[in-house]
Amino acid sequence: MMAKVFRRLRLAGTLAAALLGSPLLHAADPARFDLAGPKVDVHVTRAGKTLPIAQVPNLQPGDKIWLRADLPPTQSVHYLLVAAFLRGTTNPPPDNWFHEIQTWNKKVREEGVTITVPAEAQQVILFLAPETGGDFSTLRSAVRGRPGIFVRASQDLIESGFEQARIETYLAAIRRVPPDDAKGLAEHSDLLARTLNLKPNGDCFKRPVDTQSTCLTQAGNQSLLDDGHGQSVADALNDGSNSDLINQASYTRLAGGGNYSPYVGAIVDLIRITSTLHTAKYQYIPAIAFPDGDALNLRLNTPPSFNNPKSVIVIGLPAIQAAVPPPLRSPNPEAISCLLKPEVALPVEGAPLVYATALAHDLVLHLDGPNGGTDIPVTPDAFRGGLVLAHLPARKPLPIDSSLTSDTDSRPTASPAAAESHPAETASKPALHPGTNTITGTITGFWGFDAFKGPTLKLQDSPGKDWKLAEDDVLIAGRENHLMLSSTGTACVDIISLDTSTGKLIETKWKPTDKPSAVDVTVSLKSIDPGSLHLAIKQFGDEKADTVAARTYSEPARLASLEFHAGDTTADLTGSSLDQVQQLTINSLVFTPAPPSTPSNQDTATPMPAPSNSDTQLRLTLPPNSQAPKFRVGEHLNASFSLKDGRTLTLPVTVSPARPSVTLLSKNIGQSTTTSIHLADQDDLPADQQLTFSLKSIVPFPRTGKIEVANADDSLHTTLSVASGNLVLQNPHTILATLDPIKDFGASAFGPLRLRPVSPDGTTGDWLPLVTLVRLPTLKDLHCPADTAQPCTVTGSSLYLVDSIATDSAFTSPTTVPEGFVGTSLTLPRPAKTGFFLRLRDDPTAANTVTLPILPQPASIAAPNSPTASASPRGPARAQ
C-alpha cells in the first residue's frame, strides 16, 4: 500500500510541487489538491467577543465554536459532521469529547451547532462522513484507538493550509504584474519573497521577458517556491527512499507567525498518515482549508467515494494553546518611512501569515505622543511589501520641539475606527527627534482575540527643510559626481533634478545613506560646463521644490609632489592641470608661478628657464629680491595652494638638502686658423672646436658629482664626470671641464647650450647658460671684376649655414641665403679691403667678420644660381 501511495505522489500534489519544485509533477495530474470540497462555516466566541474562523489562530478551553456545514439544498447524501477534541498522542479522549452533528437536520442546517472547548483539550478535528449505520461510533472508535495519528493529522492539516496560503498569495500577487514588465516582476517578487518567507526561482528572471511571469506562476514546476528548508520531499520520493519523514521533521508550535517545520512536506506526511487509516466502512482523505470569513473552503486531492470504503473528509481546526503573537520586525530599524508618500507601505516582515491570512486584524500605526498619540489603520499587502496606510495622517506639520519625547505606550488599539474619530486639529502631537523631522510610530493590533504590539518604526510626517550641500563636496564639470545633500528629513524625497543655467532639468539618481538627514546624489555633468547650477528637490507633501545652489568647477589640479630645497627662493611642483594654481603659501611666505624665465637662486644676472610643460611642472617663486627662507633640512611643512577658482588644496612637503650650485669662472674657445670667419660673440662655439671651461662650487664638489650639458629641449644631452675624464678637480671647489661637441652631440648639433650640476643622489642645480654651438661654412675665394660697379662672387661649401652676408656690420643691403640653398657661390657688392660681414644661421644675431683676399674674376666664373643683394635686410634673394 505504501509503495502505491508513493508512486501516486511522484506524479501528483500541486502543494508539494509548489513548495518543492519537483520537475516530475505536471499541470494535468489528477491528484493535485484542486478539487473543491464542501464548505463548513465556523466562528468562535471568547469572553463575549466573536470572530470568524479566518481570524482565529488558536483556540482555548472555554471557547464556543459554532459549526454549520454549508451543503447545497439538493444534497442527496446525508453527511454527518463529527467534532472530536484530542488531548495528546497517548491519552485517548473521553466519549463526551465527541460531538455528532446531523447536517441534514433542518434546525442544524439553519442555526448551526455550538460546542465548547473542554479543559485539557489540545486539538480539535472535524470529520465529514457519509451517513451509514454506526458511523458515529466507528469514527469515535478509530480516534480513540489511534489518537496519535489524528493529533499528527490535525497538526499537518493546519500547517499545510498555512503554507498553501503563502504560496497562493504569492501567485495571486505575481499575476497582478504585467507579463512584459521585467523590472516590476523582479521588484514585486523580491517584496513577496521577503514578506512571505519564500524563495522565488532566480532562473525565471534569466528567461526572456515574456516568459518570466509564466515561469513564476506555472503549476507544473514550482521550484521558485522552494522554502529553503533543505532536502525536499520530492527528492526523497524520486530516490525511492522509504525513510519516515515524520521522524525527520522537527515541528515548532503552530500559529506562531508562519515559521514552522524545517521541511516543507507536511502534506506528504498527512497523505501517508491518512492512507493507513481505513476500515471496512471508511477511508480517510485530507482536506486543506482556506478560511474566508466564517467559511472554511475545503480542497481535496481525491474525489470522495460513496462506495465502501466510503470517504471521510478530515478537517483540522486551530490548535488549542496560548496565543503566539506574530514576530513582526523592521528589516532596517534605522530606516525612515515617509507618511506623506501616496500609498505608503511600511516595510515590516518576519510573520508571513500576517500577509497570507486574516489572522492579524484591526492593525493600526500608533503615532507616539505625550497625550496618547494618533492611530492610523494599516493593511498588510504582500504585493507592496509592507503595511499600507489606509489614509494619510491629516495633520499639519509640527515645529521641531526638542522637549517632546517618544511615548512608548504599549496599550493595544481597540479598533481602527478610533483613528477616524479624532480630528486633525485635536490629534496629539507625535514625538519628534530633536533637530529632525523624524517621529516614531508603533504597529499594534490583534492576533485573533489577543492584542499585540509590533515594532516601533521611524517616520517622517513633514517635508524636509534647510536643504544644503555638504561643505566638502565639489562638483566637477565633465564627469559623474557624487555629492551629499542634507536636510532635517530626507525620507519624503521624490525626485532630485539638476537645473542647469540653460533652464534644462536633468533628473538625477539618488539613494538614502546611513544618516537619516542625508542623501547620496549622483549627478552627471559630462555635458555641463563649469559655472553655477541648482539642485531641485521635490518632496511628497510639498508642491514647491526646494533648491540648493551649487557651482561646478573644472577638473581640479592634481598635486603629485612639491620639491623645496634649503636656501632656495623657488619651489618646483609636479602634477596635472597646474595652470589652475594661483599661489603657494608656506607659513607666511607666498610663492607665485614663475614667468617663462626667472633669475636663478645663485646668480640674479643669469636667466633660469622655468619648466617647459606648465601643465605638469610648475615653478613657484618668492617676490624678487626676497631673502631665502631659513628652513632646516628635513623640516616638515604644510604647503597650501590657492586655485584660481577659489578652491584650496594642501600638500605636505619636507625641506630637502640644498641643491648643488656652481658658477662659471671662465671658458676658452679657440679660433681655428683654417677659417677666414672671425666670430664676434665670445659665447659662440664652433661645432668642430673643443670648449674648455672652469666652474666654482660653493661647497666641495663631490668626486662622484656630475655636470650635465644640454640644450633647452634636451634633444642634445651629455654628462661630464671625473670618471669619464672630461672633469678635473683643480681643488675641492674648482672644476675644469672639457666639451667636445662633435664627439658628444654629432655633426648636426647647434644652438644654445646650458649646464647644471648634479649631486651623487641625483639632485640637480639650476641651469646656467654655457655657449651657443654654431656650425661654420667653408669660404674659399672672393672674386671681384675690374668694374667696381659689378658685384663680387664668394665661393665655398656648406653655404646653407650662412644666414646672410653684407659689406657693413649693420647689414644695410644684405645678401640673404634662402633655406635649403645648395649652391657653391654667393654675390655681394665689392667689400672693403678689411673684409665683409656674415651672419650664421645657428646664431643670426652676431655680425661676424670675414677676411678674404680680393682676387680678379676670371671670365669663366659666373654665378647664375647665387643669391644677390636684397633691398630688404631680410628679404628674399634672387638668382642672377
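Predicted model: local features only at pLDDT ≥ 70, side-chain atom pairs only at ≥ 80, totals over all residues.
Ground rules, quickly. Local features need pLDDT of at least 70, side-chain atom pairs count only at pLDDT 80 or more, and totals for chains, interfaces and linings use all residues. Residues are numbered from 1 along each chain as its sequence is written, and side-chain values use heavy atoms, with hydrogens and water left out.

Pocket first. Here a pocket is an open set of points on a 1 Å grid over the protein atoms alone, with protein on both sides within 12 Å along at least five of seven lines; lining residues have an atom within 4 Å of a point. The lining holds 31 residues, and nearest the centre lie Ala335, Ile336, Lys341, Pro347 and Pro512. Which elements give two or more residues to that lining? They are α6 (182-196), β11 (336-338) and β23 (509-512). α6 gives the most, with four residues. Helices (H or I, at least four residues) and strands (E, at least two) are DSSP runs, numbered from the N terminus.

Now follow β11 into its sheet. Seven strands form an open sheet, ordered β11-β17-β16-β13-β14-β15-β12, with mixed pairing. Two strands pair if DSSP finds at least two bridges between them. β11 and β12 (345-346) are the edge strands, each pairing on one side only.

Walk across from β11. Three bridges join β11 to β17 (residues 450-460), and these run parallel. Cys338 has Gln460 of β17 as its bridge partner. Thr438 also stands opposite Gln460. Next, β17 and β16 (residues 438-447) run antiparallel, with nine bridges. Their hairpin has two residues between the strands, and Gly448 takes a positive phi near 70 degrees there. One more step: six bridges join β13 (residues 360-367) to β16, again antiparallel. Leu367 has Gly441 as its partner in β16.

Last stop, Asn711. This residue is in the loop between β40 (706-710) and β41 (717-721). Buried or exposed? Asn711 is buried, at 9% relative accessible area; buried means under 20%, exposed over 50%, partly exposed in between, using a 1.4 Å probe and protein chains only. What does its side chain reach? The backbone nitrogen of Leu716, at 3.0 Å. Its side chain also makes a polar contact of 2.8 Å with that of Ser715. A polar contact is a pair of N or O atoms within 3.5 Å; within protein, one must be able to donate a hydrogen and the other to accept it, and residues adjacent in sequence count only if both atoms are side-chain atoms.

Conventions
1 Å grid on protein atoms, 1.4 Å probe; cavity = no way out; pocket = protein on both sides within 12 Å on 5 of 7 lines; lining within 4 Å.
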